[in-house]
Amino acid sequence: MATFVDQVTLHLRAGNGGNGCVSVKREKFKPLAGPDGGNGGHGGDVVIVSDTGVTTLLGFHRAPHRSSDNGGFGMGDHRAGTNGETLELVVPVGTVVKSADGVELIDMVEPGMRYVAAEGGIGGLGNAALSSTKRKAPGFALLGTPGWAGDVLLELKVVADVALVGYPSAGKSSLVAALSAAKPKIADYPFTTLHPNLGVVESGDTRYTVADVPGLIEGASEGKGLGLEFLRHVERCSALLHVLDCATLDPGRDPLTDLDVILRELEAYPVPDGQKPLLERPQMIALNKVDVPDGRELADFVTPELEARGYRVFEISAVSHEGLRNLSFALAEVVEASRAEIAARPAPPRIVMRPRAVNEKPFVIRVEGGTYGNVYRILGQKPERWVVQTDFNNEEAVGYLADRLNAIGVEDALFKAGAQAGSTVVIGPEGGIVFDWEPTLTSTAELMTSARGTDPRLIQNDRPTRNQRREEYFERMDAKAEARAELQRERAAGLWTDDEGFLVKEGDDADGDERA
């Protein structure tokens, strides 16, 4: 069973906003006292918080799916829905939050940092909030928007002052246990340490942390052995301590060869932008296991060579604690110098959130070619959110959407883009809402009197216009005049129509012997 996890993928879903309520207050002697539908509650956010009391991402490894509460529905009598509770995910200090495609979103290097990883949906307005002096009793309400859903990557990088690097079984865990009160796992086989071990060391007035991370072998920068699982935790350390095994029994290994291999791997590992390469940081060497006779002899033999390379060398024993006092004070000096250098650096610029410019367009129209003509796609935060909030089963809500789009100039922009009546208009990216566009000549929804929940503009109106009624009137008058003229001509010719509809000539008998 894993006890330490430093990489995990979280599947987050923020709470959805609640729908607004459609309600009309009814009291005695006041059957229609006005709209009183409340607003829907906002969905809860998912917030990532850094805390020094947490050291691993194991809890997220076991339960990677996290979601916050939805907002409550609005109710009558102006009762708003409850807001969804914010879900806080506590992570260790040093956690890097990345998007699903690997883009770094925030580096949580200090305790108490908060980052909204998934934003909750917005609650819909009730009909009470939508009412005005012209729209006194709206028969619709806005729907709540869905919360953000997606994946984020959490990557833990240990925050320590000194990193202990070296081959497996070089005695790094024993050295951490000897310098501090930490109790890491210690055994006589390689790769005993499978996760970083932190220890706090006090040397005089200086307190600093040392990190024992998994052993390093040749090819670690390419992923061999524990590979990147180790090197990722060295990025934040200000100094490196090479722990070299002077009592190894492996053939072909010696402190100088081990050091060369480790230096090549550290040089091949790319650090993030703005950080010092690993080999440019302060480095010291600890020749461990000098309590073994052969180990002390080998340490005395390689010390001049290492000092000639410019390293400070300490002969130590993690078992007998020989040389640890001098080593701890030397590390404290390096840490203090590094801290003074960091303090002298100018503070990094803070990110300033600026509001959108007043003249910034709230939408753009993209003309796309289609099989049956051009498709006009409307992209923008407002139009896309308004479409999500619209109940398309309610005619009045659809009419309100048309008014909102017209208010920000969507129809004028469609005319300029070349759209005509009947053109295909899509609001949103792929999978958006598709309309057959019909231009609105005027927006008078507030002045129309009709049943709540209906919009007369969406009803097919077959009533003839004034010109059509005039033409029909003239056609009827012309037909009557022609009929009178025909009747006069028949009478002039001595012809008339009997009761049975036959034409009778004057002078014929009633039996109609000469009926035409």
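Predicted model: local features only at pLDDT ≥ 70, side-chain atom pairs only at ≥ 80, totals over all residues.

Residues are numbered from 1 along each chain as its sequence is written, and side-chain values use heavy atoms, with hydrogens and water left out.

Reader: How are α8 and α9 oriented to each other?
Author: The axes of α8 (residues 381–389) and α9 (residues 395–407) come within 10 Å and cross at roughly 175°; axes are lines fitted to C-alpha atoms, for helices over the stretch in contact, and angles run from 0 to 180 degrees between N-to-C directions. Helices are DSSP runs (H or I, at least four residues), numbered from the N terminus. Since angles over 145 degrees count as roughly antiparallel, α8 and α9 are therefore roughly antiparallel.

Reader: Which residues of α7 make the contact with α3?
Author: The axes of α3 (residues 172–179) and α7 (residues 324–344) come within 11 Å and cross at roughly 85°. Contact means heavy atoms within 4.5 Å, and on the α3 side it involves L175, A178 and L179. On the α7 side the residues are L324, L327 and S328.

Reader: Is S317 buried or exposed?
Author: S317 lies in the loop between β14 (312–315) and α7, and beyond its neighbours within four places in sequence, its contacts include N288, K289 and E322. Buried means under 20% relative accessible area and exposed over 50%, with partly exposed in between (1.4 Å probe, protein chains only). With a relative accessible area of 0%, S317 is therefore buried.

Key
Helix = DSSP H or I, 4+ residues; strand = E, 2+ residues; numbered from the N terminus. Parallel < 35°, antiparallel > 145°, perpendicular 65-115°, else oblique.
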